[in-house]
Every structure is written in C-alpha cells, then in structure tokens.
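Dear colleague,

I am handing over the structure below, and I would be grateful if you could look through it before reading the notes that follow.

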Amino acid sequence: MSDAALWQRYCAGDTAAFDRLYQRFRSPLYRYLRRQCGDCAESEELYQDVWLNAVRARDRFDGEHLQAWLFRIAHNRLIDYYRSSGRAAELVSDDQDVDDIASQAGLSGDESPDRWSFLRDCVERLFAMLEALPFAQRDAFLLKEESGLSLEQIAEVSATSRETVKSRLRYAMQRLRSGLEDCDE
Amino acid sequence: MSEHDERISRLYHTRDGASPSALSDAFVKRAAHAAVKPKRPALRWAAPLAMAATVLLSLGVLLRVGIERSPAPGVDIMSAPVMAPAPAPQIVSPEADESARRFQTERAVRERMVHERRSEGLKQKTAPAPKPATLAAPESVLRMELEDVRVAELMSLEMSDLLSTLEGADPALWERVIEALERAGRTRDSARVRQQMYQDTLRKSAR
C-alpha cells in the first residue's frame, strides 16, 4: 500500500496505518535529524516534534509525497533549532568555501593493516568530515542519502532551486572525496 | 564533478543506523493514535434527562410522604398543602393505643410498689432494709416522679378531702403539698395544711 493511501487511512482513524508508515520513516528521519544537529542531545526531542507537527497538520495534507513532506517538516524544525540554540551562523550557506575539510576533521591518514579497522576508520572520517560540512551542504547530502528524494524534491524540502541543491551536493562530494582518497576499495 | 558518489554513499550506509528510542516510539504513536481517536459525541440530552429524573424522584418522594401522612384512605392528598405544618401528634392507631394502655398499667404497678415500700420503710424506720445499690438511684427518681403526680392530685382535692388524705402520711409529703400550695399562691390553704401537719405529728408521736 502506498504512503498516500496509508496516510489517508490514518487520517480516517486507522491507527494501524500510521504504525506502518511510522515504521517506514522512523529510522531515516531520526538519522537525518541526529546527524544534521551533530548528535545533539535534543535529537530525540526534535524527532518527536517532527512527528507531532505532522500529526497536527494531517488535515492539510493529502498524503502525496509523504516522504518529502516529512523531511520538509524535519528540515524546518532543524532550522528553528539552529536559530534558537545560537547556531544560526552555521545556517549561512558557504557553498564557495573551499577550506580543507580533511584538515578541519583532524584526519591523520593513518591506515590500519586490518581491513575491518581500515573500513571503520574510513567511516569515522566520513562522519567527522560530514559534521564539518556547512549546514546547507550537509543538509543536501543527508536528505539525499536518508530520504532517497530526487533533486527536485530536495529542492522543495529545502525551499531552494534544483540547481542550488545540485551545486551543494557537488561541493559536499568534493570535500568528502578529498578526505577519503585513501579509502578506495 | 558528479553530485553522487557511490563509494561515499556505501561508506555512509556502512555505519549502523541510529534509531529513535523506544520512549520516542511510544510517545509518537500514542500521540498519533490519540489524535484520530473518535471523540465521544456530546450528550445533549444528558442534562434534560438528569433534570427530569430529579423531578420525577422528588415527586415520588413527596407522593409517598403524603400517602404515609394521610389520616384515612380516600383523602385527596394532592389537594392538601404539601408544606403545611404537621398537625400535633395524635395516637390513633391501635398499636399506639395499646402502647398507651400498657404504659398506664406499668405506671400504676410501679406506683403501688413504691407506695408499699414506703409504708414498709415507715414501719421499719429504725432498721431500714438494705436496698441494692443498683436500684437506689432509679427508685428515688421514680419516687420523686410519682410524688409529684400525687401532690398534683392532692392539690386538686377539696381542703377537707386533702387533709383527711394526708392524715398519717409521711411528713415529707405534707411539706411538698405545703410548698405546692405556696407556689400556687394559696397561702391560706398552705397555712392550714401546715397547722394540720403539726397536729398530725403530735398525734403520731403520742401514739
């Protein structure tokens, strides 16, 4: 059953339909929020707020593109969180910033002879660099990876253009690649 | 340069995904379920129904009280004022009549017993029979009540009858009659009774 059909059934009083939808989106939404706020202590609170806002606004939404709608609510909630927690400066887009992300993340480039340790090290470096990305670039990356939304949908969620999203993603990938060159399989 | 890198995407998803806590899950689901839970329709008829039930109950109680107070069958209780003051209690039922008769009989018996005991007490004044302590108080009270009744009865007699009745009686009874006459303002009668009491005492001491 499609997301839209389940949402409509939920709005008609079918709580089991909500449970199925919840199961579909709980982990991606939570990961997006948590990684976007830097594993902040408020991630659980933000996550609950997103769902509560969705439930409150259910009558104004027909269920089409539910995933994009949920991530838009999450994105807006994150913006509010950044502003209220004194991190508004991080929201400023710095798409032209070409600082060395790898150095910001403190990567040493040491490699472990053990394959598993090496892979784990690469993942740790990836997340460290991800956290060091500007908000807009990280947002675009996380939305793409967690929600699987198209560029157009990410643009809609972020209230920006498709080209801007594409540019942000390109810069993000450039920075991440530069810190993970030695992680080529 | 592409906006997608499969290698980075794979690395990103390598990390075990974090999940919300069970507490968040429960909280969200409970809130979502409660939001679409059908609300109970407002019971518009509840208040009028409660009022009607109260009125019916009150009428029933008033009707029952009216029936129980009704003196005889066939009386139109609805025409009688419900809040009218209750009439003075009258013993009309056979049970009440019987109870009154029993009370009178018991009273007469008690009076006779007290009188007999008093007579015996006068005869054995020097060595009164010991009475059970438990009976002392009630008997004295009873005696006082009976003497009050007796004094009242004596007061209603003609003076000649009163004096002949008091002849040979306990001086205490003489005194009570005298006090009662004085309280009633019959000072001349009380003086006459007092004089007669002295003579009676002299007669008894001469015997």
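**Confidence first**

In this predicted model, pLDDT stays under 50 over residues 129-137 of chain B, and the model has two contacts beyond four places in sequence for that stretch. Where pLDDT is low, the predicted coordinates should not be read in detail. Across chain B the mean pLDDT is 74, with 62% of the residues of chain B reaching 70 or more. Among the elements of chain B, helix H5 (residues 133-155) has the lowest mean pLDDT, 64, whereas H2(B) has the highest, 91. For the model, the scores are ipTM 0.77 and pTM 0.52.

**The contact between the chains**

The contact takes 33 residues from chain A and 26 residues from chain B. On the side of chain B that touches chain A, the elements that give two or more residues are helix H1 (6-14) and helix H2 (22-36) of chain B, and H2(B) supplies the largest share, ten residues. Sorted by class, that side of chain B has 13 nonpolar, eight polar and five charged residues. H2(B), which gives that largest share, is also the element of chain B with the highest mean pLDDT.

**Chain A and the cores**

Chain A has nine helices and zero strands, and buried residues make up 37% of its 185 residues. Among the contacts in chain A between residues at least 6 apart in sequence, 66% join residues at least 24 apart.

The largest nonpolar core has 49 residues, of which Leu29(A), Leu33(A), Val50(A), Leu70(A), Ala74(A) and Leu126(A) touch the most other members. Helix H2 (residues 15-36) of chain A contributes the largest share of this core, seven residues, and the core draws at least three residues from each of domain 1 (3-88) and domain 2 (92-180) of chain A. Leaving aside residues up to four places away in sequence, Ala74(A) touches Leu29(A), Tyr32(A), Leu33(A) and Val50(A). Apart from this core lies another, of nine residues, among them Leu154(B), Leu166(B), Val177(B) and Val193(B).

**Helix H9 of chain A**

Within H9(A), the buried residues are Val165(A), Arg168(A), Leu169(A), Tyr171(A), Ala172(A), Met173(A), Arg175(A), Leu176(A) and Gly179(A). An α-helix has 3.6 residues a turn, so residues three or four places apart point the same way.

**Two backbone details**

Most residues other than glycine have a negative phi. His65(A), although not a glycine, has a positive phi of about 55°, and it lies in the loop between helix H3 (43-56) and helix H4 (66-84) of chain A. With 17 other C-beta atoms within 10 Å, His65(A) is partly exposed. Ala159(A) likewise is not a glycine and has a positive phi of about 55°, and it lies in the loop between helix H8 (151-158) and H9 of chain A. Ala159(A) counts as exposed because it has 11 C-beta neighbours inside 10 Å, where the limit for an exposed residue is 12 or fewer.

With best regards

How values were computed:
Residues are numbered from 1 along each chain as its sequence is written. Chains are lettered from A and ligands numbered from 1 in the order in which they are written. This is a predicted model: local features need pLDDT of at least 70, side-chain atom pairs count only at pLDDT 80 or more; totals for chains, interfaces and linings use all residues. A residue is buried if 20 or more other C-beta atoms lie within 10 Å of its own, exposed if 12 or fewer, and partly exposed in between; C-beta atoms are placed from the backbone. Helices (H or I, at least four residues) and strands (E, at least two) are DSSP runs, numbered from the N terminus. Two residues are in contact if their C-beta atoms, placed from the backbone, lie within 7 Å. Ala, Val, Leu, Ile, Met, Phe, Trp, Tyr, Cys and Pro count as nonpolar, Asp, Glu, Lys and Arg as charged, and the others, Gly among them, as polar. A nonpolar core is a set of buried Ala, Val, Leu, Ile, Met, Phe, Trp, Tyr and Cys residues joined through C-beta atoms within 7 Å. Domain bounds come from an automatic or database domain assignment. pLDDT is the predictor's confidence in each residue, from 0 to 100.
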